Amino acid sequence: MKSKNYSKKILKVFKKRGFVFSEPDVLLDSNYIIQRSGENFKKLMLTFEDDSGKNMCLRPDLTVASCVKYLEKNSKGISKIYYSGQAYRRSNNSKDSIVNDQLGLEIIGSKKKYSDDKEIINTILKSINKIKIKDIAVNIGDVNLFKQLIELLKIPERWKLRLIRHFWRPNYFEDLLNRLETNSDIDPIAVDFDKKRFFEMKKLNQNHEIASRKISEILFRFDKKIRDPRSFSEGKKTAKIIREFLKITCPIDQMDKCLKIFFKKYNIEKNLIKNALPIKSLSKSNYKIIFSTNFGRDLEYYTGMVFEVSTLKNKKEIARGGRYDDLLKSLGSKRNVSAVGAAINLNNLSKGI
Amino acid sequence: MKDLTTIGLPSKGRLKESVLNLLKKNNLKLTSKGGDRDYFANLDNLPNTQVIYLHAREIIERLGDGTLDIGISGLDLLNESAISLQKRIEITKKLDFGKANLVVAVPNDWIDVQTIADLEEISFYFRDKKNLRLRVATKYPNLTNNFLTTKGITQYKIVSSLGATETYPFTGSSEIITDITSTGSTLEANNLRVLKDGTILKSQACVLISKKNKKKAARSGLSKLFF
């Protein structure tokens, strides 16, 4: 009953702020999800095979389901939607519920990134305020800041891409940093041996494929790899900078100051800060908002601002959201479609108070 | 029947030979009424035991449901089985045979791929440039999934294989494979190479018991050999 009342009040706020109801499909093609989340995510999904042999699943996430709907409708304009429904997924934690009631909102296809980010955060905070929940903490980060920092560092391109790709897997990311500051990528004995094969393969038909890779592709990458060695001292320095960066945590009104100190210490361009504008605007909020460079690393599709609202009392997450500009492309869109959204977890909301 | 201890032994291959040798060395003689094709046997000196010859995978399943009390099978097969099944089985002894590694292997001519980190780059290249997922043929989907994911490889697709997995990269069925190998010669003969850091599991034959029938297994008179 409590959650029904909450739901009513929250949806009223969504509507008032110009969001339009949209019901995403309950059943999705499993490939949509696996393509984006990887093979290992399969075990968390509730799947079955339909009559045509196609693998289907119950939507594990309403954001993905909303994006799939946007693409299926072939929408080209701005879609400012809200939904109320259930997401179905198993969890690694047996105590977690398989069915999650969510109320969410998304702005898809708009180019006004800063104002959209603000709109999403403010709508969520306003909704929570409307149901008279005051004791909340807001954690916020911007994963794009990390990406931009990496671009400025002096390491081989393939290492930049590798670190950006694995920002989402903190344990593996730490392994990468350890590797970056210690061992080499290239085994000199193996390289010498393979160099002979390299010259032999150069004489072959370059379009011939070996296990779906053209000989030209293999040789190009081999050549690039041995020409782009990584220096030990730079690797060590880079790993230190990254570790230090990921330690930055402060109240939102001190974000500017903390980032400036960090950039000055390591002599890095300060221009990065201007990209965190929507976050900065929250410094006038009445809530306790903590900025952290390490925040938002558990969901791969975020590309920019990311935030989470939790109860102060029992630390239950009641809302979460962020910018996910690459998601629609990974789901098959031919053009770049920017998007930002957030969802309130009704189950946790009822438990958390 | 209540006191009869059932023992599952591998029904074929090198594993069967090694198990029979082990029993022989310990003066345990197996007798089958129906000759070589009989799936049942008895241990002459231990009347309260019954031996059943089963596929090594089947031994794990039957230990899990408690129809076998003791079994000998590979660690690879136990670790590949469902977690719920593994929880019902206990390893009591690791044996000095059946040693083999589960490894990640790529075509020899992928000379740019030496490590798992290289493979990770290739898997993203497949997704971003070819809009495909790297296909990994294997008889061990669970162990492969766990290994690849912890190594940062997320963009791949498992292709289930029932045998001759080494052929898959050259028949268009997959790009790479994971397979069990003891000497590496089959992989080498099929133009495949194990990645430098591509060992998923070091396996060997193990004595396993069903946790449900632990007491019965302990009473069987095989304690010296099996525990």
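Two residues are taken to be in contact if their C-beta atoms, placed from the backbone, lie within 7 Å. On this basis, 23 residues of chain A are in contact with 21 residues of chain B. The structure is a predicted model, in which local features need pLDDT of at least 70 and side-chain atom pairs count only at pLDDT 80 or more, whereas totals for chains, interfaces and linings use all residues. Residues are numbered from 1 along each chain as its sequence is written, and chains are lettered from A and ligands numbered from 1 in the order in which they are written.

On the side of chain A that touches chain B, the elements that give two or more residues are helix H6 (157–165), helix H8 (188–202) and helix H9 (215–227) of chain A. Helices (H or I, at least four residues) and strands (E, at least two) are DSSP runs, numbered from the N terminus. H8(A) gives the most to this side, with five residues. By residue class, the side of chain A that touches chain B holds eight nonpolar, four polar and eleven charged residues. Here Ala, Val, Leu, Ile, Met, Phe, Trp, Tyr, Cys and Pro count as nonpolar, Asp, Glu, Lys and Arg as charged, and the others, Gly among them, as polar.

Domain bounds come from an automatic or database domain assignment. Chain A is divided into domain 1 (2–135 + 313–352) and domain 2 (188–227). The centres of these two domains of chain A, taken over C-alpha atoms, are separated by 45 Å. For chain B, the assignment gives domain 1 (5–98 + 205–226) and domain 2 (100–203), with 31 Å between the centres of the two domains, again taken over C-alpha atoms. Between the domains of chain B, six residues of domain 1 are in contact with eight residues of domain 2. Helix H3 (residues 75–80) of chain B gives the most to the domain 1 side of this contact, with four residues. The residues on that side of domain 1 of chain B comprise one nonpolar, three polar and two charged.

Chain A contains an open sheet of three strands in the order S2-S4-S3, with antiparallel pairing; two strands pair if DSSP finds at least two bridges between them. Strand S2 (27–29) and strand S3 (47–49) of chain A stand at the edges with a single partner strand each, so one side of each is left without a neighbour in the sheet. From one strand to the next, the twist averages 35 degrees. S2(A) pairs with strand S4 (residues 55–58) of chain A in the antiparallel sense over three bridges, and A:Leu28 has A:Cys57 in S4(A) as its bridge partner.

Two packed helices are described by the angle between their axes and the distance between the axes. Axes are lines fitted to C-alpha atoms, for helices over the stretch in contact, and angles run from 0 to 180 degrees between N-to-C directions. The axes of helix H5 (residues 143–152) of chain A and H6(A) come within 10 Å and cross at roughly 165 degrees. H5(A) is therefore roughly antiparallel to H6(A), a term applied to angles over 145 degrees, with under 35 counted as roughly parallel, 65 to 115 as roughly perpendicular and the rest as oblique. The contact involves A:Lys147, A:Ile150 and A:Glu151 of H5(A), together with A:Lys160, A:Leu163 and A:Ile164 of H6(A). These residues divide into three nonpolar, no polar and three charged.

In chain B, an open sheet of seven strands has the order S2-S3-S4-S1-S5-S12-S6, with mixed pairing. Its edges are strand S2 (30–31) and strand S6 (89–94) of chain B, each with a single partner strand, so one side of each is left without a neighbour in the sheet. S2(B) pairs with strand S3 (residues 40–43) of chain B in the antiparallel sense over two bridges. In S3(B), B:Asn42 is the bridge partner of B:Thr31, and B:Leu43 is that of B:Leu30. Helix H1 (residues 13–25) of chain B packs on the sheet, touching strand S1 (5–10), S2, strand S5 (70–74) and strand S12 (205–210) of chain B, and its direction makes about 130 degrees with that of S1(B). Helix H2 (residues 56–65) of chain B lies across S1, strand S4 (46–54), S5, S6 and S12 of chain B, running at about 140 degrees to S5(B). S3(B) and S4(B) pair in the antiparallel sense over three bridges, and a hairpin joins S3(B) to S4(B) through two residues. B:Leu43 stands opposite B:Leu46 in S4(B).
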